[in-house]
Amino acid sequence: MSGPDSTRSELLAAADRAAEFLKRRRTSPVTGKASAAELREHLEIYDFAAPRPVLDVVDDVFELLERAAVRSDHPRYFGLFNPPALPAGIVGDLVAATVNPQLAVWSHAPAAAEIERKVLQWFGSLIGWDAAGTAGTFTSGGTEANHTALLAALARRYPKWAKDGVAGLGGKRPAIYVSSEAHLAWIKIARNAGLGRDAVRLVQPPGGLRLDGGSVEEAIRRERHFDPVLIVATAGTTAHGAIDDIRGLDVVARRHQAHLHVDAAWAGGGLLNDKVRDELAGVELADSVTIDPHKWLAVPMGAGMYLARDWSPLETAFGVSTGYMPSASVEYRDPYIHSLQWSRRFIGLKLFMALATIGHQGYSSIIEEQLVLGRTLRSQLLARGWRVLNETPLPLVCFAPALTKGDEDVAVRAIESYVVGSGKAWLSSVSLRGKLALRACITSYESTAQDVHELLDLLDEARLHLP
Ligand SMILES: Cc1ncc(COP(=O)(O)O)c(C=O)c1O
């Protein structure tokens with residue numbers, strides 16, 4: 001076992017290596033190409049028999065991770081919402097791991113619990129709720145936060161559900177009404193809750209991307225055998241950045257006494273910027289909201305937030321008392337009786353650290369720059385003769401080449417693999433109104449106008465290589 005002095009030198013040396021890794025970010029290829037066979041062969045050196053010096057292992061792991069991964073922290077990674085972690089967030093994770101407070105109960109970690117409470121309440125007021133009345137919990141990510149929303153909705157709707165489970169539903173078939181463009185973690189969530197896949201009613205948005213209240217109302221009326229327990233507005237769809245009509249969906253939710261949840265897993269970070277806040281108007285009407293700080297707010301994974309206007313559904317869904325827990329305090333909102341997790345890491349610290357060091361205004365400016373880059377990408381694609389296929393104020397552009405001959409889907413795939421294969425940038429393709437489209441999203445605080453232009457040049461080059 002190492003003593004305090006060697007721990008100190010190991011931590012300092014590991015931090016130094018971490019800083020070196022970050023320094024190489026911009027100049028590294030966006031995609032590391034080691035094969036599974038190469039990786040497995042390399043890992044053969046670890047037989048876990050003889051001990052190894054910690055720094056040797058650190059060096060080896062950094063090298064492996066660099067050789068064999070999509071560097072989603074790269075400024076020309078225009079993919080999903082995995083921006084590089086802000087340094088304050090990395091430090092927050094280091095502090096959390098060092099102190100390792102147990103956040104199951106308030107009494108074991110009052111300072112940690114109060115830090116989390118402060119951040120959750122601050123987000124509550126950003127949403128437009130009374131800060132002191134804001135309920136919620138940090139989660140591992142958006143899936144757990146959305147799962148929490150379903151359980152809270154069931155707890156509110158069916159008084160016997162918490163005790164009797166599906167037998168307590170009075171023969172009703174609970175359903176989640178959500179856009180067909182929503183994140184399909186909803187399917188896993190419905191299965192986990194014992195409702196089954198078909199409880200997720202995927203409603204087609206009228207114009208293809210943005211769900212409105214009328215379409216959900218119609219679906220509910222068509223399917224009288226389902227009980228609409230949860231209506232979800234996705235504010236920032238994963239594939240196209242569409243923002244559902246929150247106000248329209250709220251009207252439907254109230255009419256059917258359903259729980260309205262806004263899944264703003266990625267775009268919810270944009271609440272820190274006034275322009276995005278305006279685009280998310282209506283979010284304050286929600287019963288609960290998902291926001292993932294590990295997406296647009298650039299803290300290390302996993303960090304999600306479930307925010308709500310009322311604690312009582314959480315108490316009903318998660319409350320349990322045991323002899324071996326030091327307390328079960330509703331007064332102090334012990335996390336283990338208000339959330340899915342039991343033992344729990346100090347997830348909120350990395351967001352607290354980032355907010356405390358760069359501030360609301362700092363975040364707002366970062367987001368502002370990304371909005372500008374998104375508009376630049378959009379206008380430059382049009383200027384260079386590409387077809388832009390989605391409309392959103394968020395920095396997410398779906399587009400395709402304007403072809404005179406050949407199959408569009410084949411062309412999109414070919415361009416995607418040219419760009420990704422070059423190692424100079426990363427983007428993905430998504431289905432949009434039945435066809436494939438290229439998709440580029442800007443959520444890295446290190447992406448610059450030069451990076452966007454490099455992507456545009458690469459796309460033009462890829463288009464020239466089409467057969
Ligand atoms: C809108 C939306 N909801 C939920 C999720 C799931 O979040 P997580 O991957 O953090 O569980 C995502 C992930 O991209 C998302 O975009």
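Let's start at the ligand: one of its oxygen atoms sits 2.9 Å from a polar backbone atom of Gly142, which is a polar contact, meaning a pair of N or O atoms within 3.5 Å. Before going on, please keep in mind that this is a predicted model, where local features need pLDDT of at least 70 and side-chain atom pairs count only at pLDDT 80 or more, while totals for chains, interfaces and linings use all residues. Residues are numbered from 1 along each chain as its sequence is written, and side-chain values use heavy atoms, leaving out hydrogens and water.

Two side chains join in. Thr143 places a polar side-chain atom 2.6 Å from a ligand oxygen, and Lys295 places one 2.9 Å from a ligand oxygen. The protein covers 84% of the 390 Å² of accessible area that the ligand has on its own (Shrake-Rupley method, 1.4 Å probe).

How many residues surround the ligand? There are 13, and Thr238 and Asp263 are among the closest; a residue counts when one of its heavy atoms lies within 4 Å. By type, two are nonpolar, eight polar and three charged, with Gly counted as polar. Helix α6, residues 142–157, gives the most to this shell, three residues. Helices here are DSSP runs of H or I with at least four residues, and strands are E runs of at least two.

Now look at helix α8, residues 185–192. Ala185, Trp186, Ile187, Ile189 and Ala190 are buried there, that is, under 20% relative accessible area (1.4 Å probe, protein chains only). Their cover includes α6 and the strands β2, β3, β4 and β5, with contact meaning heavy atoms within 4.5 Å. After α8 comes Gly194, with a positive phi near 80°.

Methods: Polar contact = N/O pair within 3.5 Å; in protein donor to acceptor, adjacent residues only side chain to side chain. Buried < 20%, exposed > 50% of the residue type's maximum accessible area, 1.4 Å probe, protein only.
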